[in-house]
Amino acid sequence: MDELESEAYLQQPSVVELTARLRQAMVPVEPSAAFVRSLGRELVAASRRTRRLSPSVRRGILIGAAALGSVASVAGVLTVVLLRRRSHLGRSVAG
Amino acid sequence: MENLSDSELIARAREEPELFGLLYERYVAQIYRYHYYRTGDVQDAEDLTARTFYRALQAFPRYEDRGYPFVAWLYRIAHNVVANMLRDRSRRSAVPLEAVATIAAPGWEPHAETERREENESLLAAVRRLPPERQQLLILKFVEGMSNAEIGRILGRTEGAVKSLYHRTLIALREELADERKGEAR
């Protein structure tokens, strides 16, 4: 539909009537003030929780946990090695 | 803070997530109206508005300003949210959408208004049978009073394309109403 055709179409009485009906039926409605307030409060509370666990904080927690895990596993391996060595030494002395 | 542009407010809200509340205040009524005219029901409109803003809050850290208005991003989320709900509802029950989506006008209305209200309801039910993008176009044009250029920025189309889509929408709506009248006459 080209420009002229579409302008002519918009001037047709039945289309003018249809757009008038649309204008009458599709009026701006407003949400209730109570709903807007309550959802607003919930969203701000949720955004605070997001802030507490912002990406940098989450990254920090992850790195810290990974570091602790590594230290724990190294300590575990060392403990096992030391215990084995001690029991081996004990057996040698007894023999 | 209210005087900040959307881009400025978005930048601030990235540092202080509580400021998302100001973006919410700016657009809650617009998103509510979108859902109201897509579903025709106050409860659904409230539920879908809440879902839209919760999803927006979750996705906000990944939001990228690509030159479209912020509200265009919110409308995209709103579109997905309402599409999911309508799909779930159609799977769960065989109740026709028009029956679900009849606008519940609160309060008593004078008798003289009844006929006009019924006409409006049948027109809005016909609007709700149009494809989602055409519904959105009518909502932006008639409910929000936007120009074709403003609608184009939200839909990501040129002004000419919006004009053409508008004309095709009116033709489709007229046909929809004519089919309805034929159905009633039978």
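Across all chains, the count comes to 13 salt bridges, a salt bridge being a side-chain nitrogen of Lys or Arg within 4 Å of a carboxyl oxygen of Asp or Glu. The model is a predicted one, in which local features need pLDDT of at least 70 and side-chain atom pairs count only at pLDDT 80 or more, while totals for chains, interfaces and linings use all residues. Residues are numbered from 1 along each chain as its sequence is written, chains are lettered from A and ligands numbered from 1 in the order in which they are written, and side-chain values use heavy atoms, with hydrogens and water left out.

I begin with the interface. Chain B contributes 37 residues to the contact and chain A contributes 34 residues, where contact means heavy atoms within 4.5 Å. Between them the two chains bury about 3400 Å², of which 68% lies on carbon and sulfur atoms; buried area is the accessible area, taken with a 1.4 Å probe, that two parts lose on being put together, summed over both.

Two salt bridges link chain B and chain A. One salt bridge pairs the side chains of B:Glu18 and A:Arg48, at 3.7 Å from N to O.

On the side of chain B that touches chain A, at least two residues each come from helices H2 (20-39), H3 (42-59), H6 (111-128), H7 (132-143) and H9 (159-185) of chain B. Helices here are DSSP runs of H or I with at least four residues, numbered from the N terminus. By class, that side has 23 nonpolar, five polar and nine charged residues; Ala, Val, Leu, Ile, Met, Phe, Trp, Tyr, Cys and Pro count as nonpolar, Asp, Glu, Lys and Arg as charged, and the others, Gly among them, as polar.

How do the helices cross? The axes of H2(A), residues 13-25 of chain A, and H9(B) come within 11 Å and cross at roughly 90°. Axes are lines fitted to C-alpha atoms, for helices over the stretch in contact, with angles running from 0 to 180 degrees between N-to-C directions. H2(A) is therefore roughly perpendicular to H9(B), a term covering 65 to 115 degrees. Residues of H2(A), including A:Leu18 and A:Leu22, meet residues of H9(B), including B:Tyr166 and B:Leu173.

Within chain B, the axes of H7(B) and H9(B) come within 10 Å and cross at roughly 105°, so this pair is also roughly perpendicular. The residues of their contact divide into eight nonpolar, one polar and four charged.

I close with two local details. In chain B, the side chains of B:Arg51 and B:Asp47 form a salt bridge at 2.8 Å, N to O; because these residues are four apart in helix H3 of chain B, about one helical turn separates them. B:Glu180 lies in helix H9 of chain B, and a polar contact of 2.7 Å joins its side chain to that of B:Arg129.

Definitions and conventions:
Parallel < 35°, antiparallel > 145°, perpendicular 65-115°, else oblique. Polar contact = N/O pair within 3.5 Å; in protein donor to acceptor, adjacent residues only side chain to side chain.
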